[in-house]
Amino acid sequence: MLDIIALILAGVSLVVSIGIARSDRKVEIKIAKTGIMAQYFDEIYKDFLIERIPRAREQMRFDMENKLQDIDPLVNELVAIRKKSLYFCYSNPTFYSDLVRRLSALEDYLIRAEGKTFIGEDHTAFCMQIKSDIESIYQLIIDHHQGNL
């Protein structure tokens, strides 16, 4: 009787050990994938998020007649992000299409606004919209980087 109980316990131990090993392996694979994705994000987006987009945004200005000028640096950076993100078109099409949609919407908004006169509340609303659109792009990239998407 004792031999049967020992044999059953040994079998259960073996099954549990195999289950734990498989679970550990899955965790290791997920950690490795996360590390690789973090490298991709750093290579693709770090410079854009920290330097290039803010610098390009600072170059936009309103002239003496309150007309929007110098949108090209920001539009060019948005296009560059889209091109650099092409990897995700294949690895994560949902993220890529959402990112492209947001980038294109901001580009279109800027192009339509260039040369228009913005006075008072229109000026404030325009600046708030640009800020909101850029924050939305940043948040999407950060969420995806952190695995929230």
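Predicted model: local features only at pLDDT ≥ 70, side-chain atom pairs only at ≥ 80, totals over all residues.

Student: Which element gives the most to the lining of the largest cavity?

Tutor: The structure holds one cavity of 30 Å³ or more, and about 40 Å³ of space lies in the largest cavity. Its lining is made up of L49, I53, L78, I81, I134, I137 and Y138, and the elements that give two or more residues to this lining are α1 (2-59), α2 (72-84) and α5 (121-145). With three residues, the element that gives the most is α5.

Student: How many residues apart in sequence are the parts that the pair of F41 and F88 ties together?

Tutor: A search of the whole structure finds 10 aromatic pairs, and one of them is formed by F41 and F88, a tilted pair with 5.2 Å centre to centre and 40 degrees between the planes. Because F41 lies in helix α1 and F88 in helix α3 (residues 87-91), the pair ties together parts whose separation in sequence is 47 residues.

Student: What kind of pair do the rings of F88 and F95 form?

Tutor: A pair of aromatic rings is described by the distance of the centres and the angle of the planes. For F88 and F95 the centres are 5.2 Å apart and the planes stand at 85 degrees. Planes over 60 degrees apart count as edge-to-face, so the pair formed by F88 and F95 is edge-to-face.

Student: Is F95 buried or exposed?

Tutor: F95 belongs to a cluster in which ring pairs link F41, Y45, Y87, F88 and F95, and within it F88 has 0% relative accessibility and counts as buried. Buried means under 20% relative accessible area, so F95, at 3% relative accessibility, counts as buried.

Student: Where is D70 found, given that its phi is positive?

Tutor: Phi of N66 is near 60 degrees, a positive value in a residue other than glycine, and N66 sits in the loop between β1 (61-62) and β2 (68-69). Phi of D70 is also positive and near 60 degrees, and D70 is partly exposed, with a relative accessible area of 34%. The place of D70 is in the loop between β2 and α2.

Key. Residues numbered from 1 in each chain as written. Heavy atoms only, no water. 1 Å grid on protein atoms, 1.4 Å probe; cavity = no way out; pocket = protein on both sides within 12 Å on 5 of 7 lines; lining within 4 Å. Points joined across faces, edges and corners; volume = space filled by probe spheres on them. Helix = DSSP H or I, 4+ residues; strand = E, 2+ residues; numbered from the N terminus. Phe/Tyr/Trp six-rings, centres within 6.5 Å; stacked < 30°, edge-to-face > 60°. Buried < 20%, exposed > 50% of the residue type's maximum accessible area, 1.4 Å probe, protein only.
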